[in-house]
Amino acid sequence: KVAIKGIERELICPACKELFTHPLILPCQHNICHKCVKEILFAFEDSFADGGSESSNQSSPRIRISASSMDRIDRINRSGRKRNSLTPRSTLFPCPSCQRDIDLGERGINGLFRNFTLETIVERYRQAARAAIAIMCDFCKPPPQESTKSCMDCSASYCNECFKIHHPWGTVKAQHEYVGPTTNFRPKILMCPEHEMERVNMYCEICRRPVCHLCKLGGGHANHRVTTMSTAYKTLKEKLSKDIEYLISKESQVKAHITQLDLLLKETECNSERAKQEASHSFEKLYHVLEEKKSAALRAIEISKNIRLEKLQTQVEEYQGLLENNGLVGYAQEVLKETDPSCFVQTAKQLHVRIQKATESLRSFRPAAETTFEDFVVDTAKQEDILGDLSFHSNGLEIPEINEEQSRMYNKALISWESPGKTDSADIYVLEYHKLNKEEESVTWQKTEVCGKSKVLSDLDDDSSYAFRVRGYKGSICSPWSREVIMRTPPAPVFSFLFDDKCGYNNEHLQLNPRRTSVESRAGFPLLLGSERLQVGCYTTLDYIIGDTGIAKGKHFWAFNVEAYSYLVKVGVVPSNKIQKLFHNTHDVTSPRYEQDSGHDSGSEDAFFDSSQPCTLVTLGMKKFFIPATPAAPKDPASRILPLPSCLGICLDCDRGRVGFYDAGRMKCLYECEVDCSGLMYPAFALMGGAAVHLEEAVTAKYSEYHNNI
């Protein structure tokens with residue numbers, strides 16, 4: 001007999017938190033209700049339909065879609081697999097118990113075994129919980145009678161009379177297996193989910209699941225180690241019995257651990273109350289400081305108000321004395337009535353001085369006090385920022401570090417970070433950023449919460465510098481802010497294009513990848529044959545390739561990578577009316593004499609070279625960037641040679657007629673010149689010898705998910 005009481009925890013589905021209903025066994029050996037796995041898969045499809053946004057993922061607290069799961073669901077949806085509306089199309093989800101990604105394969109839910117043993121135990125538990133509730137007969141006319149037995153072959157319950165009617169003696173039904181009243185009907189023979197007409201008779205030790213002989217012969221278990229079902233039953237039962245006996249023998253140790261855990265529970269309660277008191281005390285100290293500052297500020301404002309009111313009131317009284325028959329004027333009018341000259345002169349002299357002062361103040365009226373209290377405005381911006389960052393700091397939570405090498409600024413910003421210990425100790429991260437502006441006195445940080453270790457940001461201003469910082473949170477505990485990292489956005493909107501595989505493309509010398517985002521020049525037999533015919537020097541034409549999209553107006557930026565082993569690469573722009581000349585230019589040669597950056601600097605050669613060029617290009621190669629020899633450039637050739645950046649960028653401003661060449665990693669301009677933008681402008685590239693150019697990949701949300709997986 002199974003002790004039903006006390007095992008409720010093992011009978012609860014980890015998804016719905018209720019008793020199992022038709023439990024299925026997942027490949028990770030955990031169990032889940034049949035209806036729950038369907039709901040999760042449908043929820044995943046809804047999340048994918050909504051773009052996999054964070055808000056949709058967080059709508060259900062028990063379902064969280066990992067980046068890898070979303071990526072694989074994306075591939076499945078693109079593959080065009082279709083099912084009926086009652087069956088989920090997706091077959092990927094994380095196990096609610098262990099969070100391991102589960103792939104159900106082509107058969108989906110139908111490929112899972114139903115756990116009849118667990119179902120039987122759940123049914124016994126239900127019966128024990130509702131002992132007073134009887135199971136009624138399924139065939140009685142109303143009112144139904146209480147059932148006395150259940151037929152496992154008919155999957156129905158009967159009272160005595162109905163059982164005799166539906167199972168008469170001498171018929172096949174009389175041989176049916178019957179048990180006591182139950183609602184849990186299980187098949188006598190367990191059939192294979194992959195081959196529905198075959199019964200399972202073997203056990204795969206690799207996959208840890210029952211299989212049939214067809215699975216072993218030509219199915220997914222052909223090369224797996226299997227054993228007979230009876231052997232597996234005996235082996236697993238012996239192991240389980242020994243393990244149970246071992247646990248029972250350690251009952252005293254288990255009870256000791258339970259006692260210790262009870263003490264820890266009480267200790268946790270006490271420590272939490274102590275922590276609450278300390279936190280309350282800390283905030284009360286802040287309240288006290290704020291109350292003192294508030295009282296002092298209000299007292300200062302009140303004193304200033306009284307002084308100003310007194311001054312203004314005195315000024316009012318003085319001006320009221322200038323009215324007729326009132327104050328100073330009234331007194332002067334009375335003095336004028338004096339007829340005795342000596343007495344009049346004695347009084348009028350001082351009175352005349354006062355009248356003159358009153359007249360002067362009337363001409364240049366000015367209030368005796370200011371009415372504004374601008375000097376008494378309390379600036380709390382910094383304090384608000386500090387209080388906003390007020391949280392529990394823990395020495396155990398590592399400070400994340402922004403990885404500048406993996407972070408990118410292109411069409412969008414990809415900010416990536418990592419923990420020094422390479423462990424994900426935080427549950428969630430908060431990324432803050434703000435635009436650097438010297439005119440702004442106060443800094444306003446924009447905030448975003450991230451579940452992974454990278455974030456793609458859009459809507460950043462072009463040609464601007466931004467500061468980024470990140471911190472980790474684990475519950476209510478947070479780490480200090482990381483070191484601020486400053487990154488700059490491209491000088492113009494990003495221009496997207498691919499290499500043109502039709503216009504002038506030489507497939508004998510150049511090789512494009514299928515996506516047309518990379519081009520490679522190989523120093524093979526064509527170059528050797530071309531050089532073999534020449535006895536003096538080495539005159540070899542460049543192989544050109546252009547972008548498949550042109551630019552008519554505006555300001556645009558694109559970036560690319562040049563392989564370090566590249567011997568010679570030229571990059572720049574070409575107008576549409578000179579493309580034919582570019583591909584048929586007989587003077588465009590590379591040799592020690594005609595290479596403009598070769599160091600053989602004779603004015604006649606540079607003049608010949610400049611006049612013959614149909615496009616604006618700069619030279620790269622041998623891990624160097626060569627600034628063209630122009631009147632404004634340094635005369636010393638060595639000063640015109642710069643290290644080749646890992647990523648290069650070109651900014652074309654058609655409105656101003658200028659093109660700039662940038663270190664795309666730092667967004668720093670290396671060289672800028674004028675360019676004729678009268679026609680449609682195309683990105684242009686030229687390669688010779690062993691060289692390769694890769695267009696910079698645009699930053700997308702999928703790029704962030706892939707990076708999180710890495």
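**Figure 1. Packing of helix α9 against helix α10 in the predicted model.** The buried residues of α9 pack against α10 (341-363). Helix α9 spans residues 327-336, and its buried residues are Leu328, Gly330, Ala332 and Val335. The structure shown here and in the following views is a predicted model. An α-helix has 3.6 residues a turn, so residues three or four places apart point the same way.

**Figure 2. The protein chain as a whole.** The chain holds 15 helices and 36 strands. Of its 710 residues, 35% count as buried. The accessible surface of the chain comes to about 44000 Å², and carbon and sulfur atoms account for 54% of that surface.

Figure 3. Leaving aside neighbours within four places in sequence, leucine 620 contacts Phe560, Val562, Tyr567, Leu568, Val569, Val571, Phe625, Phe626, Leu644 and Leu648. In soluble globular proteins, nonpolar side chains tend to be buried together.

**Figure 4. A nonpolar patch on the surface.** The patch is formed by Phe283, Leu286, Tyr287, Leu290, Leu387 and Leu390, which together have about 590 Å² of accessible area. Helix α8 (residues 251-320) provides the largest share of the patch, 4 residues. Leucine 387 belongs to helix α11 (residues 381-388). With a relative accessibility of 46%, leucine 387 counts as partly exposed.

**Figure 5. Surroundings of glutamate 119.** Glutamate 119 is located in helix α4 (residues 116-129). Its relative accessible area is 10%, so glutamate 119 is buried. When residues up to four places away in sequence are not counted, glutamate 119 touches His22, Pro23, Arg114 and Asn184. One of these contacts, histidine 22, is itself partly exposed, with a relative accessible area of 40%.

**Figure 6. Tyrosine 565 and the residues it touches.** Tyrosine 565 sits in the loop between β26 and β27 (568-575). Tyrosine 565 counts as partly exposed because its relative accessibility is 48%. Apart from residues up to four places away in sequence, tyrosine 565 is in contact with Glu520, Gly690, Ala691 and Ala692. Tyrosine 565 and alanine 692 are 127 residues apart in sequence, yet their C-alpha atoms are 8.3 Å apart in space.

Figure 7. A disulfide is a covalent bond between the sulfur atoms of two cysteines. The cut-off applied here is a pair of cysteine sulfur atoms within 2.5 Å, and by this rule the count comes to 0 disulfides. For cysteine 673, the closest cysteine sulfur is that of cysteine 669, and the separation of 9.5 Å is too far for a bond. Cysteine 673 counts as buried, at 13% relative accessibility, whereas cysteine 503 is partly exposed, with a relative accessible area of 25%.

Figure 8. Most residues other than glycine have a negative phi, and most peptide bonds are trans. The peptide bond from proline 142 to proline 143 is cis, with omega near -5 degrees. Proline 143 lies in the loop between α4 and β6 (149-151). Histidine 22, a residue other than glycine, has a positive phi near 50 degrees and is placed in the segment before β1 (23-25). Glutamine 29 is not a glycine either, and its phi is positive at about 75 degrees. Glutamine 29 occurs in the loop between β1 and β2 (31-33) and is partly exposed, with a relative accessible area of 31%.

Technical notes: Residues numbered from 1 in each chain as written. Predicted model: local features only at pLDDT ≥ 70, side-chain atom pairs only at ≥ 80, totals over all residues. Heavy atoms only, no water. Buried < 20%, exposed > 50% of the residue type's maximum accessible area, 1.4 Å probe, protein only. Contact = heavy atoms within 4.5 Å. Patch = residues over 30% accessible without salt bridge, like charges linked within 9 Å, V, L, I, M, F, W, Y side chains within 5 Å. Areas by Shrake-Rupley, 256 points an atom, 1.4 Å probe, with all protein chains shown as cover. Salt bridge = Lys/Arg side-chain N within 4 Å of Asp/Glu carboxyl O. Helix = DSSP H or I, 4+ residues; strand = E, 2+ residues; numbered from the N terminus.
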